[in-house]
Amino acid sequence: MTPQPPLHHVGIVSPSEEEAMALMRLLGLEEDYRGYVPQWSALCIFTKPNGASPIEFVIPDGGPLARFNKGAGGLHHIALQVSDLDALAARLVAEDMKLLEAEHVKGAGDFLCNFLSPLYTRGVTIEFVQLLSATGVSAKS
């Protein structure tokens, strides 16, 4: 049996940075770091984990994420950490599934990522994250 990959973060789409900050204040969350992912036209703000998995607030400035949940935003994905995205992609292909992106994407942090379509997961979007610092893998830009 394959061990369960650890939860890396939970992603929430927010229509604006102001709304993301308001929800962070409401929940008592502090910003850890932020980055922009051009592939998805989105500012991503990660909260400090404080002993738990961080929350990522995704603020689109166009593209398909701006229309997520009719523009209202909301819970978008759970992200699981894996050691090798290429091996995962090969395993999924063997099971007649595939990741959304042909090439893994450099995320807002020190990681590569790719998503499994909710078509395969009964409506749940799963992001897979491969840490760069722990593997010595270089980011593809």
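## Close-up views of a predicted model

**View 1. H77, a buried histidine.** H77 is buried, with a relative accessible area of 4%. Buried means under 20% relative accessible area, exposed means over 50%, and partly exposed lies in between (1.4 Å probe, protein chains only). The model is predicted: local features need pLDDT of at least 70, side-chain atom pairs count only at pLDDT 80 or more, and totals for chains, interfaces and linings use all residues. Residues are numbered from 1 along each chain as its sequence is written, and side-chain values use heavy atoms, with hydrogens and water left out. H77 sits in strand β5, residues 74-81. Strands (E, at least two residues) and helices (H or I, at least four) are DSSP runs, numbered from the N terminus. The side chain of H77 makes a polar contact with the side chain of H76, at 2.9 Å. Another polar contact joins the side chains of H77 and E127, also at 2.9 Å. A polar contact is a pair of N or O atoms within 3.5 Å; within protein, one must be able to donate a hydrogen and the other to accept it, and residues adjacent in sequence count only if both atoms are side-chain atoms. Which residues does H77 contact, leaving aside its neighbours within four places in sequence? They are H9, V10, G11, E56, V58, F115, T125 and E127. Contact means heavy atoms within 4.5 Å.

**View 2. The whole chain.** The protein chain has 2 helices and 8 strands. Along the sequence, the pattern is β-α-β-β-β-β-α-β-β-β. The C-alpha atoms fill a box of roughly 45 × 30 × 30 Å, taken along the principal axes. A compact globule of 141 residues would have a radius of gyration near 14 Å; the protein chain has 15 Å, which agrees. That radius is taken over C-alpha atoms, and the globule rule is 2.2 Å times the number of residues to the power 0.38. Of the 141 residues, 40% are buried. Among contacts with a separation of 6 or more, 52% come from residues 24 or more positions apart.

**View 3. The open sheet.** In what order do the 8 strands of the open sheet lie? The order is β2-β3-β4-β1-β5-β8-β7-β6, with mixed pairing. The edge strands are β2 (31-37) and β6 (105-106), and each pairs on one side only. Two strands pair if DSSP finds at least two bridges between them. Strands β7 (residues 111-116) and β8 (residues 126-131) run antiparallel and are joined by 6 bridges. N114 stands opposite F128 in β8.

View 4. How many salt bridges does the structure hold? It holds 4. A salt bridge is a side-chain nitrogen of Lys or Arg within 4 Å of a carboxyl oxygen of Asp or Glu. R34 pairs with E17, the closest N and O atoms being 2.9 Å apart. R34 lies in strand β2 and E17 in helix α1 (residues 17-27), so the pair ties together parts that are 17 residues apart in sequence. Both residues are partly exposed: R34 at 35% relative accessibility, and E17 at 29%. E17, E31 and R34 are linked in a network of salt bridges.

**View 5. The E30 and K48 salt bridge.** E30 forms a salt bridge with K48, with the closest N and O atoms 3.6 Å apart. Why does the pair tie together parts that are 18 residues apart in sequence? E30 lies in the loop between α1 and β2, and K48 in the loop between β3 (42-47) and β4 (55-60). E30 is partly exposed at 45% relative accessibility. K48 is partly exposed too, at 31%.

**View 6. Helix α2 and its buried side.** In helix α2 (residues 85-94), L85, L88 and L92 are buried. They cover an arc of only 60 degrees around the axis, which puts them on the same side of α2. The arc is that of the directions from the helix axis to the C-beta atoms. What covers these buried residues includes β7 and β8. The face turned away from the buried side carries the exposed residues V93 and A94.

**View 7. The ends of α2.** D84 caps the N-terminal end of α2: a side-chain oxygen lies 3.0 Å from the backbone nitrogen of D86. Just after α2, D96 takes a positive phi of about 60 degrees. The side chains of R91 and E95 meet in a salt bridge, 3.5 Å from N to O. R91 is partly exposed at 42% relative accessibility, and E95 is partly exposed with a relative accessible area of 42%.
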